[in-house]
Amino acid sequence: VARNCRRALLDCRPMSGDMAIVDRFDVVAYAQRTRDHIDRTALVGRPDQLLPDKFVESVAANRGFVLRVFNDPEHAAQWLRT
């Protein structure tokens, strides 16, 4: 906010352990509260961390929050720059 940054990249690859569906929902609910400051968020995860049905993206979209999930940090950064 202090730097007027409107986009964020969250790198979750170093995280370990499983994340329950309800925890994923809670992460998006928390992120939604930043939408007055953040216009677009890219989340980077390892393939084993990502759900095949894009659950996190769907929850974010249903809450009016622009978030995309990637497994490649370069693709995530490129999407944020567009």
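Modeller: Helices here are DSSP runs of H or I with at least four residues, strands are runs of E with at least two, and both are numbered from the N terminus. The model is predicted: local features need pLDDT of at least 70, side-chain atom pairs count only at pLDDT 80 or more, and totals for chains, interfaces and linings use all residues. Residues are numbered from 1 along each chain as its sequence is written, and side-chain values use heavy atoms, without hydrogens and water.

Biologist: Which helix gives the most to the lining of the largest pocket?

Modeller: A pocket is an open set of points on a 1 Å grid over the protein atoms alone, where a 1.4 Å probe fits, with protein on both sides within 12 Å along at least five of seven lines; lining residues have an atom within 4 Å of a point. Helix H1 (21–32) and helix H2 (55–62) each supply at least two residues of this lining. The top contributor, with three residues, is H1.

Biologist: What is the volume of the largest pocket?

Modeller: Its lining counts 21 residues, and among those closest to the centre are Met19, Arg24 and Leu50. By class, 12 are nonpolar, four polar and five charged. The volume, the space filled by probe spheres set on the points, is about 490 Å³.

Biologist: Is phenylalanine 70 buried or exposed?

Modeller: Phenylalanine 70 sits in strand S3 (residues 67–70). Beyond its neighbours within four places in sequence, its contacts (heavy atoms within 4.5 Å) include Leu43, Leu50 and Trp79. Buried means under 20% relative accessible area, exposed over 50%, with a 1.4 Å probe and protein chains only. Phenylalanine 70 has 8%, so the answer is buried.

Biologist: How many Å apart are phenylalanine 70 and leucine 50, C-alpha to C-alpha?

Modeller: In sequence, 20 residues separate the two. Leucine 50 is also one of the residues closest to the centre of the largest pocket. In space, the C-alpha atoms of phenylalanine 70 and leucine 50 are apart by 8.4 Å.

Biologist: Where do the buried residues of H3 fall, seen down its axis?

Modeller: In H3 (residues 73–81), Ala76, Ala77, Trp79 and Leu80 are buried. The arc is taken from the directions from the helix axis to the C-beta atoms. These residues fall within 160°, so they line one face of the helix.

Biologist: Which exposed residues sit on the face of H3 turned away from its buried side?

Modeller: The buried residues of H3 are covered by elements including strand S1 (7–11), strand S2 (40–44) and S3. At the start of H3, a side-chain oxygen of aspartate 72 comes within 2.8 Å of the backbone nitrogen of glutamate 74. The face turned away carries Glu74 and Arg81.

Biologist: Which residues of H2 are exposed on its other side?

Modeller: Val56, Glu57, Val59 and Ala60 are the buried residues of H2. Their arc is only 165°, so they lie on the same side of the helix. They pack against H1 and S3. The other side exposes Ala61 and Asn62.

Biologist: What relative accessibility does threonine 41 have?

Modeller: Threonine 41 belongs to strand S2. Among its contacts beyond four places in sequence are Ala8, Leu67 and Trp79. Threonine 41 counts as buried because its relative accessibility is 4%.

Biologist: And proline 47: does it count as buried or exposed?

Modeller: Proline 47 is in the loop between S2 and H2. Its C-alpha is 9.2 Å from that of arginine 13, 34 residues away in sequence. With a relative accessibility of 59%, proline 47 counts as exposed.

Conventions: Polar contact = N/O pair within 3.5 Å; in protein donor to acceptor, adjacent residues only side chain to side chain. Nonpolar A, V, L, I, M, F, W, Y, C, P; charged D, E, K, R; others polar.
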